[in-house]
Structures are given as C-alpha cells and as structure tokens.
Amino acid sequence: IRGVYPNELNEEVAYRLARSYVEFYPMAKKIVVAQDTRLSSPALTEAVIQGLLDGGKEVVDIGIAPDPLFYFSIFNKKFDGGIMISGSHNTKEYNGLMMSVRRPGSDMVEEIINEELEAIKNLAMSEKEFSVQKQVNVVEKLEIAKDYEDYVAKIIKLNRPLKIIIDSSNGACGFVPENIFKKFGCEVKTIYGEFDGNFPHHFPDPYKEENLKDIKEAVLKEGADIGFCFDTDGDRVAVIDNQGRVVDGDSCMFLATKHVLKQKKGPIIHDMRITKAFLDEMEKEGIETHFSICHHKAVVDNIIKYNAVFGGEITLHFFFPLDYYLCDDAVFAALKLAEAASVYPSLAEFVDALPKYNASLEIFIDTPDELKFGMVAKLTDYLKQNNYNFVDVDGARINLSNGWALMRASNTSPMLKCRFEGDTPEDLKAIEK
C-alpha cells in the first residue's frame with residue numbers, strides 16, 4: 001500500500017488499515033510494527049499501533065528497522081504477523097504499509113497481496129465504524145539488531161576478508177551491514193548510514209544508476225573489492241565491482257546462481273526481465289528454470305512450488321532458501337553475494353567473463369493505474385490471435401529469432417515497464433523500434 005503523504009496516505013487511513021487487518025486476521029495475536037526513516041513514518045506508525053491496540057492486539061515495536069530485521073523478528077521470534085511502515089525505494093513524499101501474517105499451523109509468514117489486500121482496502125475505505133475492543137495496551141519495545149547480526153553471521157563463510165563500501169542511503173539499514181561484515185575481519189566503510197528521511201544525498205533507489213554515483217566513487221577511492229547500496233527499507237541491494245562499475249541485475253543473478261549451484265543443484269526462479277544469456281547458460285548446465293511474476297511474494301511462492309534452490313529478480317531482490325528464511329532480505333543477499341564474490345580474485349573479471357547479449361535498461365512509461373492492466377491484456381490478446389511465441393506469466397515477453405521484447409504493468413506505480421534484448425546491437429535497435 002503506497003501513497004503520497006498526507007494527501008493519499010495519512011494517519012486516519014493508516015489507523016483504518018490497521019483496524020481492517022485486525023478484522024481479517026483475528027487469529028494473529030502478537031504483531032510486529034517497524035518503520036523506515038521517512039519524516040512521515042513516526043506519525044503513521046503511531047496510528048497503526050493505536051489501530052492494532054484498539055483491535056485487541058499485542059504490539060511488538062522494533063522502531064526504525066529495515067525489512068531484514070522486520071522479517072527476522074517475525075520468523076525467529078515466531079510472532080503472528082507484522083506491519084512495516086515504509087515507502088521503500090520511492091521518493092521522500094511517499095510512504096506505505098506492508099502487511100504480513102502467519103497462517104494457523106504454518107511456519108511461513110506471508111505478505112498480504114492481491115485479493116486479500118484489496119479486501120482490506122475496501123473495508124478501510126468503507127463507512128464501517130470500528131468499535132474499540134478490550135484494549136490490552138501491550139506495546140513491547142524490542143531491540144532485534146544484535147540477534148539478527150549474530151544469527152546471519154553464523155551462516156556466511158567468506159573465502160577471504162573483503163574491503164567493502166556500504167551505502168545505506170540514509171535509510172533503515174543504517175550500520176547493520178557494516179556490523180556484520182566486520183565479524184569476518186572485513187575492512188568496511190559506510191556512507192550515508194545516518195537516519196535522515198530527507199535523503200539529502202540521493203534518492204533511496206539503488207536500481208537507478210544515477211543514485212550510485214557516490215558509492216562508485218568511494219569504491220574506487222578506497223580501492224575496495226565490492227560495494228553495496230541499499231534502499232530505504234533494505235529489500236533491494238545494488239552491487240558495485242572493484243572497478244567502480246555497477247554489477248547489473250543479470251550479472252548478480254549469474255553470480256548468486258553459480259554459487260548456489262555449487263552447494264546444491266536444483267531449479268532456479270527468475271523474473272520476466274532476465275537476459276536470455278542466463279537462460280541459455282542454465283539450459284547448457286541442465287538446470288531447470290521458471291519464469292515468475294515480478295514481485296518478491298510471487299518469487300517466494302514459486303521457490304516453494306518448484307522446490308527451487310535460488311530465486312531472484314534483476315531489480316535486485318534475491319532469495320536463498322538453502323540458507324535462510326524465505327523473505328525479502330537485502331542485507332542477507334549482500335552477505336551471500338559477498339560470499340560468492342570472495343571466491344574470485346576480482347569481481348570485475350568475473351563479470352567481464354559472463355556471456356552477454358545486448359539488453360536495454362528497463363523503460364518506464366507513465367500510464368494511469370486504471371488503464372495499465374487493460375493495455376497489457378489488449379497486447380496479450382493481439383499476440384494470441386496472431387500466433388506469436390510469447391510468455392504471459394506477467395505481462396507479455398515476446399520471443400523473437402534474434403531476441404525478445406517485454407511489456408508489463410508495474411505492481412506499485414502508475415506505469416508500464418518495457419525491456420528489450422537483441423543478439424547484436426543492431427538486433428536490439430530493430431526490436432526496440
């Protein structure tokens with residue numbers, strides 16, 4: 001749930017969403033609440049906590065904390081659910097709520113999306129007057145960072161200590177990544193680790209290269225082996241190699257997958273935007289691959305469905321089911337990517353040796369929410385009627401003899417997203433046209 005504060009998302013809306021959450025999940029008794037560093041987060045958090053208390057729930061408040069600590073507290077402490085107040089990688093005027101719940105009798109914690117989220121929205125926007133339940137007024141303050149740092153440090157095995165630059169984007173990750181890497185004897189420097197919801201240095205979206213200028217310069221200046229830049233809530237991480245270059249999402253998928261397959265052979269889940277070079281390489285190695293809807297909940301569902309050993313999206317979300325909980329944790333992903341990179345003398349040399357085609361960046365086309373899905377459906381109908389070879393797991397990825405073209409609707413913003421790839425630069429230009 002995302003919107004501009006306070007016009008689209010404000011304290012009243014946050015309170016009603018929390019009360020609606022309570023109505024739909026009466027079995028959830030103890031709920032974790034966390035917030036990112038945005039200026040509007042404290043007020044929205046207070047409204048959410050009041051809504052949960054008025055609905056008779058116990059609240060565990062972990063304060064400013066990224067998704068990694070939010071999910072870890074629910075999984076590890078076996079709480080019943082959680083609400084994260086964060087605008088993620090959106091600009092500072094946005095905020096949002098992400099809701100999770102543990103189903104009765106299940107070890108899994110599921111993010112609430114699709115029909116259930118729509119039902120919560122409809123109830124929150126209705127005329128219903130919520131009565132105050134018997135208030136338990138239990139708000140437990142929990143410091144979870146050290147438990148998390150100790151837990152994940154036991155899982156990771158670096159081949160050698162690395163020199164690392166961290167950019168926390170003034171978001172909720174703060175100095176947590178640095179604390180963990182130092183446990184392995186790494187030399188670590190964090191830039192923009194202080195909490196600041198004005199995001200004075202750059203927008204907190206590491207998927208866009210213009211936001212990585214400072215960390216690229218810091219990696220080169222410090223002679224670092226690798227750099228990691230996180231978004232506001234720590235579910236997305238960009239990687240910088242030792243030559244100060246961005247390691248794109250496709251190359252990160254290669255790096256992680258090759259490392260995981262050394263542990264155990266098994267299926268791999270990827271999103272619709274993956275390069276054909278990755279698919280060709282997996283086919284050559286006899287590895288089963290599966291397309292997924294471009295959303296981390298869908299990737300997790302497919303990991304479970306296919307018993308996959310790894311799953312990821314080129315938008316810098318990565319999941320390691322052999323090692324850790326199935327949640328969107330960019331700090332753990334950075335640790336695993338560092339573990340993979342530590343095997344090689346130079347990350348840049350590894351990246352340069354990867355097979356490559358010619359791919360465009362992801363292209364964003366402003367499109368109203370009420371139109372975008374209809375436009376994708378219209379394209380899909382056209383492709384079916386004209387017998388095109390295409391994948392329609394999420395939008396339409398059209399397979400051509402010399403590359404592919406993708407159009408899909410954004411899950412979180414009013415836009416269509418396109419990406420293209422050609423065997424040669426000329427093929428790419430022709431396919432884009």
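Residues are numbered from 1 along each chain as its sequence is written, and side-chain values use heavy atoms, with hydrogens and water left out. Because the model is predicted, local features need pLDDT of at least 70 and side-chain atom pairs count only at pLDDT 80 or more, while totals for chains, interfaces and linings use all residues.

## Aromatic rings

Let's start with the rings. Rings of Phe, Tyr and Trp (its six-membered ring) pair if their centres lie within 6.5 Å; planes under 30 degrees apart count as stacked, over 60 as edge-to-face and the rest as tilted. By this rule there are 16 aromatic pairs. Two of them are set out here.

| Pair | Centre to centre | Angle between planes | Kind |
|---|---|---|---|
| Phe181 and Phe228 | 5.8 Å | 5 degrees | stacked |
| Phe254 and Phe278 | 5.3 Å | 70 degrees | edge-to-face |

Helices (H or I, at least four residues) and strands (E, at least two) are DSSP runs, numbered from the N terminus. Phe181 sits in helix α6 (residues 176-182) and Phe228 in strand β10 (residues 226-230), so that pair links distant parts of the chain, 47 residues apart. Phe254 belongs to helix α8 (residues 249-263) and Phe278 to helix α9 (residues 276-284), so their pair ties together parts 24 residues apart in sequence.

How much of these rings' residues can be reached from outside? Buried means under 20% relative accessible area, exposed over 50%, and partly exposed in between (1.4 Å probe, protein chains only). Phe181 and Phe228 are both buried. Phe254 is buried at 2% relative accessible area, and Phe278 is buried at 0%.

Ring pairs also link a cluster made up of Phe72, Phe75, Tyr148, Tyr151, Phe310, Phe320, Tyr324, Tyr325 and Phe332. Elsewhere, Arg397 lies over the face of Trp404, at 3.7 Å from the ring centre; a charge sits over a ring if NZ of Lys or CZ of Arg is within 6 Å of the ring centre and within 35 degrees of the ring normal.

## Helices

The axes of helix α1 (residues 11-24) and helix α2 (residues 41-54) come within 8 Å and cross at roughly 35 degrees. Here axes are lines fitted to C-alpha atoms, for helices over the stretch in contact, and angles run from 0 to 180 degrees between N-to-C directions. In the contact (heavy atoms within 4.5 Å), α1 contributes residues including Glu11, Tyr15 and Arg19, and α2 residues including Leu44, Gln50 and Asp54.

Helix α3 (residues 67-77) has nine of its 11 residues buried, so it is largely enclosed by the rest of the structure. Among the buried ones are Phe72 and Phe75, which also belong to the ring cluster. Lys78 follows α3 and has a positive phi, near 60 degrees.

In helix α10 (residues 296-306), the buried residues are His296, Lys297, Ala298, Val299, Val300, Asn302 and Ile303. Their cover includes α3, β6 (109-111) and β15 (310-313).

## Two single residues

Ser360 is placed in the loop between β17 (358-359) and β18 (363-366). Ser360 is buried, at 7% relative accessible area. Leaving aside neighbours within four places in sequence, Ser360 is in contact with Arg419, Phe420, Leu428 and Glu432.

Lys262 is found in helix α8 and is exposed, with a relative accessible area of 55%. Not counting residues up to four places away in sequence, Lys262 touches Val343 and Tyr344.
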